Amino acid sequence: MNIDSIQNGVVIDHITAGNGMRLYSLLGLDNLDVSVAIIKNVVSRKMGKKDIIKIDADIPVDFQVIGYVDPGATLNIIRDGKLVSKQAVEMPDRLTGVIRCYNPRCITSTEQELKQIFKLTDREKRVYRCIYCETAAK
Amino acid sequence: MRSVIDILDLTTEELEGLMATALDIVARPDDYAEVCRRKKLATLFFEPSTRTRMSFEAAMYELGGNVISMSSAASSSAAKGESVADTAKVVSCYADIIAIRHPKEGAALVAAENADVPVINAGDGGHCHPTQTLADLLTIRREKGAFEGLTVGLCGDLKFGRTVHSLINALSRYRDVRFVLISPEELKVPSYVKRDVLKKQGIPYQQTTSLEDAIPDLDILYMTRVQRERFFNEEDYLRLKDSYILTPEKLRGAKKDMAILHPLPRVNEISVAIDADPRACYFKQVLNGKFMRMALILMLLKEAGTI
C-alpha cells in the first residue's frame with residue numbers, strides 16, 4: 001500500500017501499533033481541513049508493527065499529546081519535500097488541556113473554566129495525576 | 001505567595017520548626033498574645049466543620065488577631081455561583097491569610113493559586129487536611145518525646161481516611177518508624193501509598209485484620225472510623241464493625257504508655273469508658289491542633305512579610 005509523500009507537512013512516525021487513532025483524536029486532527037493519513041500496522045524492523053500519521057500541512061503539533069500517548073514516537077517536519085527536523089518525543093512532565101479528570105469530587109468537575117492540568121508522578125509506570133485532586137488519569 | 005495545601009508542602013525542617021514554635025507557645029503564651037495584632041484571618045468554610053473552624057478562629061484570637069468569615073456556605077457568594085478563584089481574589093482584599101474548607105478536592109489549591117495572601121487548606125473533600133496531621137505530629141511528639149523508633153498502629157478505614165495517608169507521609173520522614181496497618185480487607189491502605197511511600201523508602205510495615213493481635217506491639221494507636229457507606233453490603237459492615245471498636249478489654253494487652261489518637265469526631269469506635277484512661281490522647285490532640293495552627297499562621301504571615 002502506498003501513500004504519497006508530502007511536500008510540506010508533518011509525519012508522526014514510530015507510533016506503537018494501535019495508538020494511531022487515539023493520537024489522531026487527541027491531537028484534534030479530525031477538525032483539520034487538510035489531508036491526513038493514518039497508516040496502521042506498518043511493518044517495522046525496529047518495532048515489528050507501527051502506526052504512522054501524515055499531515056499534509058505545516059501545522060503546529062502539540063508535543064505533549066504525542067509524548068503522553070506514545071513516548072518514543074518521532075515527529076518529522078517536511079518542507080519542500082525534504083526532512084528538516086526529526087525529533088523523538090518524550091513524556092511531558094505536565095499535561096495541560098489534553099485529558100479531563102474523571103473524579104466527580106474534583107473541583108474541576110464543578111468549576112468548568114479551570115484548566116485541566118496533570119503532572120507526571122511515575123515515569124516508569126507512566127502515571128499522570130490531576131494537580132487538584134491527585135486522581136490518576138485512566 | 002507561600003500556602004500550605006498538603007503536608008508534603010512542608011519540609012521536615014519546617015515541621016520541626018512548627019513543633020518548636022507550638023511548644024514555645026504552650027510554654028510562653030503571653031509572648032504571642034499580640035503578635036498578629038490588627039491582622040485578619042478569613043475562614044472560608046464551604047461545608048460545615050465546627051471543630052476545625054473554631055480551632056482556626058481560636059488560634060488567630062490567641063495570636064491577637066481578628067477573624068472574618070461567612071456565616072454559612074448557603075448564604076455565601078458560592079451559592080450565587082461565584083468560583084473559588086474569584087472568592088479567593090476578593091477575600092484577599094480583606095484578609096491577611098485565608099483558611100479554606102471545601103467539599104471539592106483541589107479547591108484549596110485553586111484558592112491558593114488565585115489569592116494574594118497565604119492560604120491554608122482546612123480540608124478539601126477527601127483529599128488533604130494538613131493541619132490535622134500537624135495536630136497528630138505534635139501530640140505524638142509531646143507524648144513520646146520523639147518519632148524515631150516508634151511502632152505506629154493505624155486502625156479502621158485506611159483506604160479512604162485522608163488523615164491516615166498524610167500521617168504515613170509525615171512519619172515516614174523519620175528514622176526507624178514502623179507501621180502496623182489494621183483494617184478489614186475492604187479498607188486496606190491503597191497500593192499506591194504502600195508503593196510510593198512505604199516500599200520506596202524501605203519502611204517496615206505489616207498488615208493485619210486483627211486489632212487484638214496487633215495491639216501489644218504498638219507505641220501509638222491511631223483510630224479512625226469505619227463508616228457504613230464504605231461497604232458494598234450491609235452484611236459485611238455488620239460483621240466487621242465491632243472488630244474495630246476500641247474497648248477496655250482490647251486495651252488490656254496494650255503497653256502501659258501506648259498513646260491513643262483519633263482525628264475526631266468519633267462515633268462509637270472508641271468506647272467512652274476509655275476516655276478516663278491516661279493513654280487516651282484524642283482530646284489533647286484537639287488542643288495541640290490549635291497550637292500548631294497558631295504556629296502555621298505565624299510562619300506563613302512572617303514569610304509573607306505581613307508581620
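Predicted model: local features only at pLDDT ≥ 70, side-chain atom pairs only at ≥ 80, totals over all residues.
Chain A contains three helices and eight strands, and, followed from the N terminus, its elements are arranged in the order β-α-β-β-α-β-β-β-α-β-β. The chain is divided into two domains, of which domain 1 spans residues 9-88 and domain 2 spans residues 94-130, and the C-alpha centres of these domains of chain A are 24 Å apart. Along the principal axes, the C-alpha atoms of chain A occupy a box of roughly 50 × 30 × 25 Å. Of its 138 residues, 28% count as buried. When contacts in chain A between residues at least 6 apart in sequence are considered, 56% of them join residues at least 24 apart.

Chain B has 11 helices and nine strands. Its radius of gyration is 20 Å, close to the value of 19 Å that the globule rule gives for 307 residues, and chain B is therefore as compact as a globular protein of that length. The corresponding box around the C-alpha atoms of chain B, again taken along the principal axes, comes to roughly 55 × 45 × 40 Å. In this chain 44% of the 307 residues count as buried, and, among contacts between residues at least 6 apart in sequence, 77% join residues at least 24 apart.

Within chain B, helix α1 (residues 12-27) packs against helix α11 (residues 282-303) at an angle of about 115°, and the axes of the two helices are 8 Å apart. The crossing of α1(B) and α11(B) is right-handed. On the side of α1(B), the contact is made by B:Leu18, B:Thr21, B:Ala22, B:Ile25 and B:Val26, while α11(B) contributes B:Phe291, B:Met292, B:Met294, B:Ala295, B:Leu296, B:Leu298 and B:Met299.

B:Gln206 and B:Leu181 are separated by 25 residues in sequence, and their C-alpha atoms are 6.1 Å apart in space. B:Gln206 counts as partly exposed because it has 13 C-beta neighbours inside 10 Å, where a residue with 12 or fewer would be exposed and one with 20 or more would be buried.

Some backbone features also deserve a description. Most residues other than glycine have a negative phi, and most peptide bonds are trans. In chain A, A:Asp80 has a positive phi of about 50° although it is not a glycine, and this residue is found in the loop between β4 (74-79) and β5 (82-88) of chain A. With 7 other C-beta atoms within 10 Å, A:Asp80 is exposed. A:Arg126, which is likewise a residue other than glycine, has a positive phi near 55° and lies in the loop between β7 (117-122) and β8 (127-130) of chain A. A:Arg126 has 12 other C-beta atoms within 10 Å and is therefore exposed, since the class takes in residues with 12 or fewer such neighbours. In chain B, the peptide bond that joins B:Leu264 and B:Pro265 is cis, with an omega of about 0°, and B:Pro265 is found in the loop between β9 (259-261) and α11 of chain B.

Methods:
Residues numbered from 1 in each chain as written. Chains lettered and ligands numbered in written order. Axes fitted to C-alpha atoms, helices over the stretch in contact; angles between N-to-C directions. Helix = DSSP H or I, 4+ residues; strand = E, 2+ residues; numbered from the N terminus. Left-handed = near helix turned anticlockwise from the far one by under 90°. Contact = placed C-beta atoms within 7 Å. Rg over C-alpha atoms; globule rule 2.2 N^0.38 Å. Domains from an automatic or database assignment.
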